[in-house]
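Subject: Structure handover and notes

Dear colleague,

Please find the structure below, with my notes after it. I would be glad if you read them side by side.

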Amino acid sequence: MIGKKAKPETKSKRKILLIVLSVVAVLLIAGDWALSVIIYNENFNQRFESYKPLMRYVDDFDGLQRTKYEFVSNKGQKLTGYLYTSEEEPHGIIVMAHGFGGGGHNSYMDCADYFAHHGYCVFAYDATGNDESEGDGVGGLPQGVIDLNYAITFVEESGNFPNLPIVLFGHSWGGYSVCSVLTYHPEVKAVIACSGFNASLDLIESQGKKQAGAGIYLMLPFFQLHERLKYGSYASNTAIDGFSKSDAAVMILHSSDDGVVPARYGYDIYYEKYKDNSRFRFIRFEDKGHNYLNDKTYTDEFNAEFDKWRETLDYDYNASENKERFSKEKADYIHKNLDREKWCHSLDLELFKDFVTFYDENVIEK
């Protein structure tokens, strides 16, 4: 009947139902939130150490010198860095940011060596949770921008470094970091970003789709909230934000077949916005993958021989009970067979010559 009032017991039941549904919704959201944090930490809050048999050492490079420094990052954790120099007089300082997951800056020591012998001293450091730096884990992707911010400030204010123009070099995670950090250091003269991404959530989406398919889009809001609570404005700061706050010259490199950081998460975004801007130089490869700083000829040869050796083993090297044995024998094989001269001197020299020219054009006074 129109206008008939609901019975008190009906109102009470509705109220109870609403409360129950609200509690269930809160529990579901809390569960998704907790699961998202666990997944995030499993992927991005790990500690990474360089694989010792393949580490590079300063003695591998003729005339390369380095001086160790320690500086403090945002949570009081001590980070370790090295100033790489040669007998050549520098006209600029390159602050170098390494990639994610392979340990600290060690695998980029050949890059530091090249730059040190071509007009630049290089300050390369291990980010939080990597190699010689403190931290139980990296924490998350925005930590790379934070650590680079503190590294640049240390170079500028510690009094340990010559008063020279500062330029940046980064690959992958480092490529994202050197662009995003321009928001906090617009005084930087030039940036070279290789295989980078625009925002932390871009890489999470890219990698998440491989593991969870379309399900990653249900978790992205929780990842975003987690980073925001943990890192504040650093979490939302992007490479595009950095470009807008700076007049630095920028070189962007990417390969179309990059399976780690697809070009659409970085290069394509930048190109669409800045292709007609004279500050920017774009280099796009077609078939060089994620890591193209080195000529892979020797690496491919070594890996082929390693695969042949591995197949001669008389036990299942994938079995968990043989993990320790295989690890030791693998290290022994590398120690006996790795040609360190070729391993440590395999840079794409034409590419690095181009890098130096780009820096020189923006550092040396005309």
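A crossing of two helices is called left-handed if the near helix is turned anticlockwise from the far one by less than a right angle, and right-handed if it is turned clockwise. Helices here are DSSP runs of H or I with at least four residues, strands are runs of E with at least two, and both are numbered from the N terminus.

Some conventions come before the findings. This is a predicted model, in which local features need pLDDT of at least 70 and side-chain atom pairs count only at pLDDT 80 or more, while totals for chains, interfaces and linings use all residues. Residues are numbered from 1 along each chain as its sequence is written, and side-chain values use heavy atoms, with hydrogens and water left out.

As for the protein overall, its secondary structure comes to 13 helices and eight strands, and its C-alpha atoms fill a box of roughly 95 × 65 × 40 Å along the principal axes. Of the 366 residues, 49% count as buried, where buried means under 20% relative accessible area, exposed over 50%, and partly exposed in between (1.4 Å probe, protein chains only). The protein exposes about 18600 Å², of which carbon and sulfur atoms supply 53%; accessible areas come from the Shrake-Rupley method with a 1.4 Å probe, and for residues only the protein chains shown count as cover. Among contacts (heavy atoms within 4.5 Å) between residues at least 6 apart in sequence, 76% join residues at least 24 apart.

Turning to helix pairs, I begin with α2 (residues 109-116) and α13 (residues 349-363), whose axes come within 11 Å and cross at roughly 55°. Axes are lines fitted to C-alpha atoms, for helices over the stretch in contact, and angles run from 0 to 180 degrees between N-to-C directions. The two helices, α2 and α13, are therefore oblique to each other, given that angles under 35 degrees count as roughly parallel, over 145 as roughly antiparallel, 65 to 115 as roughly perpendicular and the rest as oblique. The crossing of α2 with α13 is right-handed, and in it Cys111, Tyr114 and Phe115 of α2 meet Leu349, Phe352, Lys353, Phe355, Val356 and Tyr359 of α13. By class, this contact of α2 with α13 has eight nonpolar residues, no polar ones and one charged, with Ala, Val, Leu, Ile, Met, Phe, Trp, Tyr, Cys and Pro taken as nonpolar, Asp, Glu, Lys and Arg as charged, and the others, Gly among them, as polar.

Helices α10 (residues 297-311) and α11 (residues 323-337) pack at an angle of about 135° with their axes 12 Å apart, which makes α10 oblique to α11. The crossing of α10 and α11 is right-handed. On the α10 side the contact involves Tyr298, Phe302, Glu305, Phe306, Trp309 and Arg310, and on the α11 side Phe326, Glu329, Lys330, Tyr333, Ile334 and Asn337; by class there are seven nonpolar, one polar and four charged residues in this contact.

For α3 (residues 142-157) and α4 (residues 173-180), the axes come within 9 Å and cross at roughly 55°, and α3 passes α4 in a right-handed crossing. Pro142, Gln143, Gly144, Val145 and Leu148 in α3 meet Trp173, Tyr176, Ser177, Val178 and Ser180 in α4, a set that divides into six nonpolar, four polar and no charged residues. Eight of the eight residues of α4 are buried, so α4 is largely enclosed by the rest of the structure.

Serine 172 lies in the loop between β5 (166-171) and α4; its phi is near 60°, a positive value in a residue other than glycine, and at 9% relative accessibility serine 172 counts as buried. Aspartate 131, in the loop between β4 (121-125) and α3, also has a positive phi, of about 45°, although it is not a glycine, and aspartate 131 counts as buried at 14% relative accessibility. Most residues other than glycine have a negative phi.

Finally, alanine 239 belongs to helix α8 (residues 239-244) and is buried, with a relative accessible area of 0%. Leaving aside residues up to four places away in sequence, alanine 239 touches Cys179, Ser180, Phe197, Asn198 and Tyr270, and Cys179 and Ser180 are among the buried residues of α4.

With best wishes
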